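Take a look, then follow along.

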Amino acid sequence: MSKSSTKTITVAIAGGGPSGLTLGRHLGREAPECFEVTIFERGAKDRDQGAGWDVSAEAQASLQRAGVNPQVYQCPGSDNMRFYKAGESDPLTVLRLPPYLERLGVKKAYLGLDECNLETERSKIINALVESLPPSTTVVNDTVISEATQDSEGKMELLGRDGSSLGKFDVVVDASGVSSRLRRTRFTEDADSYYTGKCLLRSTLDNPRKTCSAELSSKLSGTTGFYGPSSDGLGTEEVMLQRFGVHSPKYTLSLTISIQDPQRLVDQLKFEGIHGSTNDPEALQRVKDYVDKRLAAFPSGYREMFDGISSAHVTRVKMHPSYEEAMKSTTPGSDELPFLSIGDALHALPPWSGMSGNYSLQDANDLATALIEEHQKGDWSSESIAIKFRELEKDFSLRTEDRRKEVAWTMDDKDYMSSTPIKDFAMVGRITNKPWSWKDPLQVIAGFMRFVTFLNRFDNYGVGVL
């Protein structure tokens, strides 16, 4: 393959989420004469973006590099988590740096709270990125990519849903998430994401301060969890609320459900698809009826939270196997392809890992740097890019491994939540997925959480901050 020193690198990015747009923005902002970028997004331009996540310092740096200021997407005062037993006034656990300590110069890292970041609004991130894209970067919405192939000249061709060509490119980057169709370009089905045994029934609560009781709404923070008895009294149910955005009163309301066949839940609710979101009144009523039964043993007022929902969907929680396992199932001939998956398309983790979105933005940041450097060498080729991509693939995957092991460790066959009555429930057990014991070395986690919660007691646990 002939090498090129000055030719523009044509880049196709599958996925117009934060990571795909950030990559496109970096390339277009820092080397517009070197890259021609096309971003393909399967969703509509005005699609619902959902809630955000706790953006880490590294991910913030990537967005800052793209010209997106944290003040655009962060929700002031939301960097806290409170968890309650349903019906109790004081929280079980509070993860928050009290303002009185902050004024004394205490940093989050001093108390191990450096991963408690401000909540963000995903739509604000995406809109800011789209609005700042240069002319050399194009976004094509409502486009499903079914396959990527390489021609005799080393170009990567993308095919649409009907098999028609969407164009040929020097480089293809897959940022289309955990259900990516393009992953098979690099890995066989043996390395596909696998179902974790848990679903999230997620709903949008437009304004909990209007539809929930004053007592309940006063407890809401950046992230709030309520734990109560399962309907049979043998286990514990979890309901989570997450602040939706910067200037929005909305919250995402999630019910965690352990179920071996997630399609059963979809069929019971009569949703159109397992990833589909609905605002159909009849479907929402079925969600409310389901919740009424599932949370029947909760104190009065908690089930009523779902009365104010405006949309709902079922998320089947999946994750990818480790890098070591995935590399046992590579697609023959794919080592030489200028193709790379990033973010959840490469190393998906469950939402409770708290890091999927952050790793995705780190991937986009590092990939942009590598591509710019590759072009600057003056003799890039599809082969040289493929070699670099295999290095990055390993680096991106391995930096998620510690968090992957932590998550996998908590998902053994005996689920703590389904087997622990609310009277025996402890937050440390929720984290480790096993009953807490003084003899367990992990008691240090319990001690840490109790200490931080105690520190928050002096300003009423931050209740009423948001």
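Q: What makes the stretch holding Val-172 a strand?
A: Val-172 falls in β9, residues 171-174; strands are DSSP runs of E of at least two residues, helices are runs of H or I of at least four, and both are numbered from the N terminus. This is a predicted model, in which local features need pLDDT of at least 70, side-chain atom pairs count only at pLDDT 80 or more, and totals for chains, interfaces and linings use all residues. Residues are numbered from 1 along each chain as its sequence is written, and side-chain values use heavy atoms, with hydrogens and water left out.

Q: Why is Val-172 called buried?
A: Buried means under 20% relative accessible area, exposed over 50%, and partly exposed in between (1.4 Å probe, protein chains only). Val-172 has 0%, so it is buried.

Q: Which residues is Val-172 in contact with, leaving aside neighbours within four places in sequence?
A: Contact means heavy atoms within 4.5 Å. Among the partners of Val-172 are Ala-12, Leu-182, Phe-339 and Phe-389.

Q: Why is Ser-322 called buried?
A: Its relative accessible area is 18%, which meets the cut-off, so Ser-322 counts as buried. Ser-322 is found in the loop between β15 (309-319) and α10 (323-326).

Q: How do you know that β1 and β2 pair?
A: Pairing needs at least two bridges found by DSSP between two strands. Strands β1 (residues 9-14) and β2 (residues 35-40) have six, in the parallel sense.

Q: What makes β5 and β16 edge strands?
A: The open sheet runs β5-β2-β1-β9-β16. Strands β5 and β16 each have a single partner strand, so one side of each lacks a neighbour in the sheet.
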